Amino acid sequence: MKHHPRIALAGLALLLAIFGHSPASAAPSAGEYRLSKGQAVYVPVYSNVFSGPKALPFSLATMLSIRNVDLHHPMRVTAIDYYDTGGKLLRSHLAKPLTLPPLGSTYVYLGEQDTAGGFGASFVVRWDARTAINAPIVECVMIGAKSGQGISFVSPGQVIKENTR
């Protein structure tokens, strides 16, 4: 019975090591926020996942969501580029810059049949603002259903370059 606290602490340390976030990619804590004048954000996309012993592909629809979470200032989305598994640019989803008002949002939808990107597809979203604003939320929501089975999950964006002006 004396060893239970040690086991509990060791278990907690293991869980933190497995599921903990590294400081470079960690989201701000409650009550904190990050200000920026622009970024390039990488967002993983999963057009399918594999399931079962035969690793059969399960097709997923994808919605890229870009949300301006600043209460007072607009932001400008300057590029939404879609890349395949090999890193090749497949298409740009934005013909000209798009201004999102405070608390505004936009999205790009890829249907279940769009598998051109493959398993390792990605978006790179570039945005800027005239003044430092709350960094937007950029993420993909994947969802699919087949034969009464469904799957859905979110893939958060990760900043890969700061101040893209």
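Biologist: Is Phe119 buried, partly exposed or exposed?

Modeller: In this predicted model, the relative accessibility of Phe119 is 41%. Buried requires a value under 20% and exposed a value over 50%. At 41%, Phe119 therefore counts as partly exposed.

Biologist: How many aromatic pairs does the whole structure hold, and what is the geometry of the one between Tyr46 and Phe119?

Modeller: A search of the whole structure finds 4 aromatic pairs. In the pair of Tyr46 and Phe119, the ring centres are 5.4 Å apart and the planes stand at 65°. Planes over 60 degrees apart count as edge-to-face, so the geometry of this pair is edge-to-face.

Biologist: How many residues apart in sequence are the parts that this pair ties together?

Modeller: Tyr46 is found in the loop between β1 and β2, and Phe119 in the loop between β8 and β9. The pair therefore ties together parts whose separation in sequence is 73 residues.

Biologist: Which residues form one aromatic cluster with Tyr46?

Modeller: Tyr46 itself is partly exposed, at 25% relative accessibility. The cluster includes Phe119, its partner in the edge-to-face pair. Together with Tyr46, the members of this cluster are Phe50, Phe119 and Phe153.

Biologist: Which strands hold Tyr82 and Phe123, which form an aromatic pair?

Modeller: The rings of Tyr82 and Phe123 are 5.0 Å apart centre to centre, with 40° between the planes, and the pair is tilted. Tyr82 is buried at 0% relative accessibility, and Phe123 is buried with a relative accessible area of 0%. The two residues are 41 residues apart and lie, respectively, in strands β5 and β9.

Biologist: Is Leu64 buried or exposed?

Modeller: Leu64 lies in strand β4. Beyond its neighbours within four places in sequence, its contacts include Val43, Ile80, Val108, Phe123 and Val138. Because its relative accessible area is 0%, Leu64 is buried.

Notes: Residues numbered from 1 in each chain as written. Predicted model: local features only at pLDDT ≥ 70, side-chain atom pairs only at ≥ 80, totals over all residues. Heavy atoms only, no water. Contact = heavy atoms within 4.5 Å. Helix = DSSP H or I, 4+ residues; strand = E, 2+ residues; numbered from the N terminus. Buried < 20%, exposed > 50% of the residue type's maximum accessible area, 1.4 Å probe, protein only. Phe/Tyr/Trp six-rings, centres within 6.5 Å; stacked < 30°, edge-to-face > 60°.
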